[in-house]
Amino acid sequence: METRDMLLVTGGASGIGEGAVRRLSARMRVVIADRDLPRAEKLSAELNASGAETYPVEMDVTSGAAIRQTVARISQDIGPIHHLFSNAGINIRTPVEAITPADWAAMMNTHVKGGMMVAQAVLPRMVADRKGGIVFTSSDFAVVGMTNGVSYAAAKTALYSLTKSLALEFAPYGIRVNAIGPGPIDTPLLRDRPAAEWEAAQARFMQIVPMKRMGTPAEMGALVDFLLSDRSSYITGQLLHPNGGQVMW
Ligand code: NAI
């Protein structure tokens, strides 16, 4: 039997990452990399019970050493990684005057440095095989800015820049690099706040999203599936916005 390609999903244990893991595990082997190992293990066990081939691993994308060791171990024990969904992320909602250097560093280290280092770890094998694809999770806020979220929006804009530069540098090897910039997606990242604040946030989404609903992790998984498939074979360096029409760029 032919061995299926392998995909690495960071932040794969929850939300958008989980949506991509569920979708893509139908056609690829999937490494579910997350700093929350128990959650990754639970998801993996559920999917493998239905015939999928997924591997839960503990990975903190803010640690370059952890990334390199984990990628090397996966490559040796399971096989080469040819597809990456670099998606791990955090959110810190703070007015400018309250941003601390530690908050700023956490945001940049998780999204920008983390995304770059994971890509750096998997790209050599993709280049050697002239085969592979990368998708980053950016955000609508990469292009429109964000009140009380300057560090988040700045990190997501940097990720978009990273996407374009990697797309240019690796296009000659047949490796495509794109980003998704979602609008509000119903995940723990958005829900993890006091009930009254969550109610207000949902009411706001109904006003600002033309389609009058939040997106789902499954919808994000479908887009990542498309971007990591031959159906998008002439698309690279792009930021696609699954956002119900909230931002048209
Ligand atoms: P989530 O909180 O459901 O999932 C994020 C996952 O990333 C969690 O499993 C968490 O453990 C993991 N993670 C966080 N820091 C990590 C680290 N240092 N190393 C490894 N894993 C880490 O959130 P959601 O919404 O699924 O977010 C995924 C990505 O989507 C993030 O990059 C977020 O910024 C982005 N995004 C989310 C939107 C939304 O409305 N939910 C909209 C636009 C972008």
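Keep in mind that the model is predicted. Two helix pairs come up here: H1 with H2, whose axes cross at roughly 25 degrees, and H3 with H4, packed at an angle of about 30 degrees. A search of the whole structure also turns up two aromatic pairs.

**H1 against H2**

- Helix H1 covers residues 15–24 and helix H2 covers residues 37–49, and their axes come within 11 Å.
- Angles under 35 degrees count as roughly parallel, and H1 and H2 are therefore roughly parallel to each other.

**H3 against H4**

- Helix H3 (residues 64–77) and helix H4 (residues 101–129) have their axes 9 Å apart, with an angle of about 30 degrees.
- That angle makes H3 roughly parallel to H4.
- This crossing is right-handed.
- H3 brings Gly64, Ile67 and Val71 to the contact, while H4 brings Gly114, Met117, Val118, Ala121 and Val122.
- The class count here is six nonpolar, two polar and no charged residues.
- As background for reading such contact lists, an α-helix has 3.6 residues a turn, so residues three or four places apart point the same way.

**Helix H9 and its cover**

- Which residues of helix H9 (residues 217–227) are buried? They are Met220, Gly221, Leu223, Val224, Asp225 and Leu227.
- Helix H1 turns up again here, as part of what covers the buried residues of H9.
- The cover also includes strands E4 (83–86), E5 (133–137), E6 (176–180) and E7 (239–240).

**Aromatic pairs**

- Phenylalanine 141 is partly exposed, at a relative accessible area of 28%, whereas tyrosine 152 is buried, at 9%.
- Phenylalanine 170 and tyrosine 173 also form a pair, and this one is tilted, with 6.1 Å centre to centre and 45 degrees between the planes.
- Phenylalanine 170 is buried, with a relative accessible area of 13%, while tyrosine 173 is partly exposed, with 30%.

- Arginine 130 has phi near 50 degrees, which is a positive value in a residue other than glycine.
- Where does arginine 130 sit? Its place is the loop between H4 and E5.
- Arginine 130 is exposed, with a relative accessible area of 52%.
- Asparagine 148 also has a positive phi, near 60 degrees, and is likewise not a glycine.
- The loop between H5 and H6 holds asparagine 148, and this residue is partly exposed, with a relative accessible area of 41%.

How values were computed: Residues numbered from 1 in each chain as written. Predicted model: local features only at pLDDT ≥ 70, side-chain atom pairs only at ≥ 80, totals over all residues. Heavy atoms only, no water. Axes fitted to C-alpha atoms, helices over the stretch in contact; angles between N-to-C directions. Helix = DSSP H or I, 4+ residues; strand = E, 2+ residues; numbered from the N terminus. Parallel < 35°, antiparallel > 145°, perpendicular 65-115°, else oblique. Buried < 20%, exposed > 50% of the residue type's maximum accessible area, 1.4 Å probe, protein only. Contact = heavy atoms within 4.5 Å. Left-handed = near helix turned anticlockwise from the far one by under 90°. Nonpolar A, V, L, I, M, F, W, Y, C, P; charged D, E, K, R; others polar. Phe/Tyr/Trp six-rings, centres within 6.5 Å; stacked < 30°, edge-to-face > 60°.
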